[in-house]
Amino acid sequence: MDFFGSKASKRPHSTDALGSGASDNENGEDESEEEDDDEDNASTSGSDSEDDHQEGEEGFVDEAAVTQFRTRHRIHLYGGERVAHPIRSFRPLLDLLAPALRRNFAAQSGFRRPTPIQMQAIPLVLADTDLVACAPTGSGKTLAYVLPLLHKLGTPNPMGGYRVCIVTPTRELATQVHELFSVLATGMEFRINHMVKSRPTESDTTEEAHTFDILIATPMRLVTEIKNKTIDLSQVQHLVLDEADQLLELGYLEQMDTIIAACPHAQLRKQLFSATIPPPIEELAQSIMRDPVRIFIGDRNAATDTIDQKLVFVGTEEGKLIEIRQMIQRGFRPPVLIFVQSIERSRELFHELQYDGVNVEVIHSERPKAQRDTIVANFRAGHVWVLIATELMARGIDFKGVNAVINYDFPQTVQSYIHRVGRTGRAGRRGEAITYFTKSDAPFLRLVVNIIRDSGGEVPEWMLELKAPNSKLVRNLKQMPRCRLPIKTDPGYMKFKTRQIE
Ligand SMILES: Nc1ncnc2c1ncn2[C@@H]1O[C@H](COP(=O)(O)OP(=O)(O)OP(=O)(O)O)[C@@H](O)[C@H]1O
């Protein structure tokens, strides 16, 4: 990995803004109470007030106003010497954009107002800053880099080669990012390569590959291309790691090393995004960046406050099946996403629920890719009501309308919990997350209890008094899922069900 010195400060910025400069706005109207209320209600969606549209067109009176604005939007900044001011609305940004990009953005998004991460990250990406950006799930991090990068690219450069490279851990997420780039770049003639196929096609390895501007790839495939010398990343000036903390974990680190080493451009800027950046990953991230600015929105590594989180004691493995069946019988609001800890268990639960006549599908990495695409599309379209998934779907996937997430199996890490439950309660909508725990999960309960409490949820007093597991236990759980009895109906239920069918 290439190492750059970093002068990141330990303390958050107070009056650290530069960039867009102070304005002659004497009223400081952005400090209105009305806006505060809006922010509380929807951390991602825009408010409707006239003031919001007015205020965004002005700069800030002084640095104190910038600080106040950041404080109100819970934008915490660390490091960096010159930090661009946040934007308060999309309007001044839209004025900068090429007409086609402006039109596409207006036509496709309809967003009234930037989310806090967009307010601060967009000007920093525009200002070519190395960035570590951590903001809640469903808070619009993708747009925070896609929009400014399309602006920075300007026009297509047919013989120039890749200038932007986005790396994501799963092909589903890469597809989603590709879709946003494609929609926003409609009519701009950028060539966007979506490299997630397991094997290269001819067009990837011929001269044609040099005519692409943007690359969106999963690590394994990209590393194969780099090792085969069938891809040229020498012109890449913007490298984005989406779900960066996962990509900088041990399993991926070597691949990231190879990818970063393959991007030697002197102007290379690295931008890292995730809803969770644990401190060791933050340190590692800084070591591969140049004087990075770190943005944290709200509390670090917290679940979003638009999710009602519940912990349900089910006693044993069998208790989970009873609980989920009762939930279905009581009536539930689809779509519902259910997480289990392994492919085998996803199949087992699928058979059980299918037997009960539930409109259910299952997705995991052993299903053929075309099937995975169809399942995601059907779930999005509401044709599938219940989707059982492994960790494959825990990160990044934007299912806007998911009403509930069920952690059938207790998650193995705090990060996994935050990302899994973050598939609901997105873009300011509300959602519900239910986590089952058995007696054997009890030692780990405290990890999740803290997250629920920190994101404003209620937990019984006795749970707050539980002992936190020691670091060895936490490490073991992360490396190895818990042993669990197979998901299988007890014979009594089978008899009852058969009688019902007869
Ligand atoms: N300014 C905005 N106002 C309202 N909705 C927005 C805004 N920006 C993005 N969104 C919507 O918010 C949803 C979530 O966005 P996105 O998938 O980028 O979230 P994320 O922060 O990357 O989440 P995750 O951490 O789970 O990957 C998307 O449906 C997107 O269209």
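1. A quick word on terms to start: helices (H or I, at least four residues) and strands (E, at least two) are DSSP runs, numbered from the N terminus. With that in hand, R74 sits in the loop between α3 (63-72) and β2 (75-78). Phi of R74 is near 55 degrees, a positive value in a residue other than glycine.

2. Please keep in mind that this is a predicted model, in which local features need pLDDT of at least 70, side-chain atom pairs count only at pLDDT 80 or more, and totals for chains, interfaces and linings use all residues. Residues are numbered from 1 along each chain as its sequence is written, and side-chain values use heavy atoms, with hydrogens and water left out.

3. Another backbone spot to look at is the cis peptide bond between P334 and P335, where omega is about -5 degrees. P335 belongs to the loop between α14 (317-330) and β12 (336-339).

4. Now the ligand. Its shell (residues with a heavy atom within 4 Å) holds 23 residues, the closest being G138, K141, T142, D398 and R426. Because domain 1 (4-297) and domain 2 (307-501) both give residues to this shell, the ligand lies between them; the domain bounds come from an automatic or database assignment.

5. Polar contacts here are pairs of N or O atoms within 3.5 Å. A polar side-chain atom of T142 is 2.6 Å from a ligand oxygen, while a side-chain N or O atom of Q118 lies 2.8 Å from a ligand nitrogen. For K400, a side-chain N or O atom is 3.5 Å from an oxygen of the ligand.

Key
Polar contact = N/O pair within 3.5 Å; in protein donor to acceptor, adjacent residues only side chain to side chain.
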